[in-house]
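Hi there,

Here is the structure I promised to send over.

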Amino acid sequence: MRLVTVQHADGLRVGVSRGGFYALLPIGGGDMVDWIARGRASIEAAAAATTEQVSCAEARLCAPIQRFGRDVLCTGWNYWDHFEESRGKREGQDVDRPKAPTFFTKSPYVAAGPHDDIGLDPYVSAKWDYEAEIGLVIGRKCRNVPVDRAEQVIFGYFLANDVSVRDLQRRHGGQWLKGKSIDGSMPFGPEIVTPEELGDLGEIRLEFLLNGKRLQDASVKQMAFSIPELVAELSFGMTLMAGDILLTGTPAGIGNAREPAVFLKPGDEMIVRATGLGELKNRVVLADLHESSDVPAWEDRP
C-alpha cells in the first residue's frame, strides 16, 4: 500500500493509492495516525469500500503525518562516509566513531509537505544545509523489539529532507535539537509505503539533487547500522507508539562538508528521491523566521 494525506474540500483526508487515483478513507476514521493504529487490514477494507476518490495528478499532497505524539526521532552518523567527511569540520566538536547508533530528536513543528516551499531566514543563519534521508513509521506500540522482528513493527517508509542550520548546532554545545528544529524545515513523504509494497530494502538508492546537480547518492546497504538494528536499539527499554517516525540518517555529500561549502539560498530547488519511495521537490524561499526576537543575528553572535 501507498498512503497519503491530501488537502480536500472538507479538510485533510487520508488516501490509498489505486493506480491513477487515491481512494479516500472515511472522514470519520480519523487521521493517518488513527488509521495506522488500526492496521493494514482495516485500511485495505476501508479503501475497497469507499466511493470517494481524487486523481493523483490533481491531489495536493500534505505531510503524511500531521499529529505527533512526541518529537521526530532521528539517527545521526548512520553512513560512515558521512561521518568521515565531516572530520575536522565540526568546529572543535569532533568525536570518535560511535559503536552504537546515535539518536536525537527534533521538534514536530518541522513537518512540511513534499512540495511545500521551505523558508530560509539569513538573520537566523548563513549555513542552511540539506540532508536526504529515508524515514520509517512505527505501526504499533512496542518495546524491546528483537532485530529479527523489527519488520513486524514497521508500518511503512517515506522520504525526508532534514534541513539543518549548522551554526545553531555549534552555538548550542554541539547538540542537534536546536539546529534541526526550525519550523517548517523538514519536508517528508510524499507517501508512506508499506514494506511489502517497497520490496527489498537493500536495493534502495537514495539521492539528493540541488538545482539539478546530484550531491548525494548512496545505497541503503551503506548504512552503518541497519534499519532493523536501529529499531532494536531505539526500542531497548523505550516504548514506541503507532505513528512515531524515525529518520535513519543521511549519506555523504552534505553542503557543510564540501570544499567550498555549499549552503542553501533563496531560489534553490531541492529534490530528494529514492527507489520505490517517490520524490520530494521543494523550493527554498526567503522568509522572516525571527520576527521580533531579540536574539542577535548570526553574524553578531558570540
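One definition before the notes: a residue is called buried when its relative accessible area is under 20%, exposed when it is over 50%, and partly exposed in between (1.4 Å probe, protein chains only). Please keep in mind that this is a predicted model, in which local features need pLDDT of at least 70 and side-chain atom pairs count only at pLDDT 80 or more, while totals for chains, interfaces and linings use all residues. Residues are numbered from 1 along each chain as its sequence is written, and side-chain values use heavy atoms, with hydrogens and water left out.

**The chain as a whole**

The protein chain holds seven helices and 19 strands; helices (H or I, at least four residues) and strands (E, at least two) are DSSP runs, numbered from the N terminus. Its radius of gyration is 19 Å, which agrees with the value near 19 Å for a compact globule of 302 residues. That radius is taken over C-alpha atoms, and the globule rule is 2.2 Å times the number of residues to the power 0.38. Along the principal axes, the C-alpha trace spans about 60 × 40 × 35 Å.

Of the 302 residues, 53% are buried. Among contacts (heavy atoms within 4.5 Å) with a separation of 6 or more, 77% are between residues 24 or more positions apart. The chain exposes about 13100 Å², and carbon and sulfur atoms supply 50% of that; the areas come from the Shrake-Rupley method with a 1.4 Å probe, and for residues only the protein chains shown count as cover.

**A covered strand and a helix packed on it**

Strand E6 (residues 72–76) has five of its five residues buried. In a regular strand the side chains alternate between the two faces of the sheet. Here both faces are covered, with Val 72, Cys 74 and Gly 76 on one side and Leu 73 and Thr 75 on the other. E6 runs antiparallel to strand E7 (residues 102–106), to which five bridges join it, and Val 72 stands opposite Lys 106. Two strands count as paired if DSSP finds at least two bridges between them.

Helix H7 (residues 227–234) comes up against this pair. Its buried residues are Ile 227, Leu 230, Val 231, Ala 232 and Leu 234, and they pack against E6 and E7, as well as strand E11 (132–138), helix H4 (150–153), strand E12 (154–161) and strand E17 (245–247).

Phe 236 and Pro 146 are 90 residues apart in sequence, yet their C-alpha atoms are 8.9 Å apart in space.

**A run of antiparallel strands**

E18 and E19 form a hairpin with three residues between them, and Gly 276 in the turn has a positive phi of about 80°.

**Backbone spots to look at**

Most residues other than glycine have a negative phi, and most peptide bonds are trans.

- Asn 144, in the loop between E11 and H4, has a positive phi of about 55°. It counts as partly exposed because its relative accessibility is 40%.
- Asn 211, in the two-residue turn of the E15 and E16 hairpin, has a positive phi near 50°. Asn 211 is partly exposed at 42%.
- Gly 189 and Pro 190 are joined by a cis peptide bond with omega of about -10°; Pro 190 is in strand E14 (residues 186–193).
- Glu 259 and Pro 260 are also joined by a cis peptide bond, with omega of about -5°; Pro 260 lies in the loop between E17 and E18.

Best wishes
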